[in-house]
Structures are given as C-alpha cells and as structure tokens.
Amino acid sequence: MSALPGSPEAAATTGLDDGPVLPAPIDLPPLTERTRLEAREIIARYPVPRSALLPMLHLVQSYQGYVSPEGVALCAEELGLTKAEVGAVATFYTMYKRRPTGRHLVSVCTNTLCSVLGGQRIMDALSADLGVHHDETAADGSITLEHAECLAACDYAPVVTVDYEFYDQQDVESARALVAALRRGEKPAPTRGAPLTDFRGISRQLAGFSQYPDAAAAAAAIDAPGALGPTLVGLRLAEERGESAPAMPQPPSASASAASSGVDAGESRETVRPSGGTGETPGQEAAEARVAAADTPAEKAGAAGSHPDAPEPAGRSLADQDDGTETPAGQEPGTSGQGPAGPGRVVEGKNTPKRKS
Ligand code: FES
C-alpha cells in the first residue's frame with residue numbers, strides 16, 4: 001500500500017492508497033531552483049508558513065503533472081514539515097494527483113443528479129473510447145479520466161469538466177466529441193468561465209501564478225460571460241406564478257443598535273452592551289426575533305440552535321474553536337485541534353474564546 005509513488009513513509013502514515021507503486025517517469029522534468037523560489041514566494045503570502053502547503057502542492061504539480069515524491073520533499077523542506085505530513089495532505093484531496101496526469105484532466109460527474117441524466121453513460125463511453133478506467137491516463141498521454149462527485153453545477157447536469165473548466169449539459173455524443181477534440185490538440189471553449197488551458201496550466205493558476213500577460217487580460221478571462229439560464233429557471237417560474245419567499249425578519253442593524261445604546265462602533269463584539277430595555281445585546285435580540293418569527297417547529301429549533309445563548313453542541317471541544325493554523329507551543333506540527341485533550345496538550349490558546357459560564 002502506498003500513499004505516493006515511491007513514498008513508503010507517507011503510505012505508512014496515511015494508508016490511503018492501495019494503488020500500485022510506480023517509478024517516476026524517466027522524462028519527468030526535475031524541480032529546479034525556480035520552483036523553490038516560487039514556493040518561497042507563496043510562503044511569503046501567508047502569516048504562518050504551513051498555510052502555504054496547498055498552493056505549493058499545486059505548484060509542484062504544475063511542473064511535474066502530479067505530486068511526486070520530489071515535490072513532497074520540496075514542500076516538506078521549505079515548510080519544516082515531515083514528508084509524511086505533506087503526504088497526508090496530498091493524499092486527502094482529490095485535486096492532488098498521485099500518478100502522472102495526462103495533458104488534460106477530464107472529470108465526469110457521476111453523482112446523483114448528473115447520473116440520472118446520463119453522467120454514468122458519459123463516463124462509460126469515454127472510458128471505452130480512451131481504453132482507461134477511473135484515474136487512468138490514455139496511452140497517448142492526452143487525457144486522464146476520472147469520475148467526480150458533485151461538481152456543484154447540478155443545474156447544468158450532466159456536467160463534465162476539463163482541467164476544472166465547465167462543459168455543461170453534456171450527453172454521450174457531445175462528451176465524446178469534446179474528448180476527441182482535446183486529443184487532436186484543440187481547446188474547445190468551456191460553456192462558461194475562463195478559457196481552457198491544460199492540467200499543468202490550471203495547476204499553476206491554482207498556485208496563484210497568472211498565466212495571463214497582465215491584469216486586464218486575466219480579468220477578462222476570469223470574468224468571461226456565463227450562461228445563467230438553468231440557474232435562473234426557478235426564479236423565472238416563481239415570477240410567472242407570482243410567488244415570492246416570505247420576508248426574512250430584519251435584525252436591527254449593528255450601527256443603529258450601537259447608536260441607540262451609545263456604543264462606539266469600533267468596540268469589539270464581545271464588549272457590545274445591551275441595546276434596549278430587555279437587557280440583551282443586539283445579537284441576542286436578533287436571535288429572539290428569529291425564534292419568534294419561526295413558523296414551524298423545525299424552523300424554531302433551527303433558530304434556537306443559532307441563538308448566542310444556545311449550549312455548545314455535544315462533543316464539541318474547546319480545541320474545535322481554535323483557529324488551528326498555528327501549532328501551539330510544546331506541540332509537534334500537525335497536532336493542533338486533533339484528538340482529545342491529554343497530558344501536555346494545550347486546549348486553550350490565546351485565541352481560544354472562553355466558554356460561557
Ligand atoms: S450532481 Fe453533478 S454537478 Fe451536482
């Protein structure tokens with residue numbers, strides 16, 4: 001069992017991947033000093049270095065087409081983490097590939113709505129055309145095919161993405177034509193959003209490096225017009241039928257409450273004083289209004305649950321409330337917010353809110 005090809009220590013830690021261990025391709029371009037300098041540029045964007053890990057993984061993927069053992073090592077060295085810790089993150093997210101990826105990554109949504117509208121038939125047809133299964137790359141290196149869980153575009157189902165750009169409302173024939181065009185080296189325009197690049201190109205964008213020559217070109221690409229038709233169908237039908245959502249109870253605005261109570265708007269939330277004759281803070285008054293306005297028992301329970309005075313949900317610990325990005329003093333990296341409190345474990349940091357009495 002291996003988490004990353006050639007990375008047994010990561011496998012020993014995560015045990016997440018039962019795929020075969022593949023040697024690095026002989027034509028894999030090595031990571032260079034430029035990669036390392038760009039990694040440091042990413043790190044400099046964050047107040048805590050380890051916060052840079054996710055874009056750094058996209059960066060090494062943009063050079064080598066996947067998160068190679070060399071890429072894991074570079075991230076670990078630059079961030080002061082162990083390779084096992086970096087491997088644990090890289091194997092958790094499906095956008096980090098553990099085997100070399102083709103020029104394009106084609107993802108077919110086979111989740112519920114897309115599937116009932118033909119997503120699985122699309123996946124099966126592309127699999128047959130390419131001679132590959134999920135997470136495999138065609139022999140010519142052009143396409144890596146994967147099935148995907150909901151791509152958050154159910155109103156355009158069934159959807160296919162190429163390098164994370166959307167191709168909406170596909171069917172078997174349109175998807176086969178799309179993949180055939182990609183294999184010919186063409187880049188059909190996505191249905192909406194930015195123009196298509198390739199897997200390494202989009203990985204570089206996800207690392208935070210623009211592929212466009214200047215800010216105006218980048219904005220023009222990112223702000224490309226989209227087809228909102230399916231998204232707005234419900235709104236159009238409601239308008240035709242004269243339907244509208246019930247008005248939301250309006251909580252008193254913070255500024256109005258502050259003005260009426262004499263509280264300086266610059267004061268923090270914790271120091272807001274009661275605003276009226278009820279002896280409650282504006283947040284409490286708004287929560288009371290939401291509970292009072294709830295029509296059904298379920299709505300009432302939901303509103304009560306969000307009340308500032310509601311008890312902590314069972315099982316939620318103080319550690320869950322920590323911002324979790326900085327390893328508390330005396331702990332190994334990667335242990336913040338995990339597991340029960342124990343000897344030597346810090347459960348209250350300087351940023352940890354105090355539990356209400
Ligand atoms: S089910 Fe396919 S995008 Fe949601």
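Is Y93 buried or exposed? Y93 is exposed, because 10 other C-beta atoms lie within 10 Å (exposed means 12 or fewer such atoms, buried 20 or more, partly exposed in between, with C-beta atoms placed from the backbone).

## Model and numbering

This is a predicted model, in which local features need pLDDT of at least 70 and side-chain atom pairs count only at pLDDT 80 or more, while totals for chains, interfaces and linings use all residues. Residues are numbered from 1 along each chain as its sequence is written.

Y93 lies in the loop between α5 (83-90) and β1 (helices are DSSP runs of H or I with at least four residues, strands runs of E with at least two, numbered from the N terminus). Its C-alpha atom is separated by 9.6 Å from that of L54, 39 residues apart along the chain.

## Nonpolar cores

The largest nonpolar core has 29 residues (a core is a set of buried Ala, Val, Leu, Ile, Met, Phe, Trp, Tyr and Cys residues joined through C-beta atoms within 7 Å). Among the residues with the most contacts inside it are V106, V108, I143 and V159. Elements giving two or more residues to this core include β1 (104-109), α7 (119-130) and α8 (172-183). A second, separate core of 21 residues includes V72, L74, L81 and A207.

V159 touches, among others, C109, C114, F166 and D168, leaving aside residues up to four places away in sequence (contact means C-beta atoms, placed from the backbone, within 7 Å).

## Contact of α3 with α4

Residues L53, M56, L57, V60, Q61 and Q64 of α3 meet G71, L74, C75 and L79 of α4.

Technical notes
Contact = placed C-beta atoms within 7 Å.
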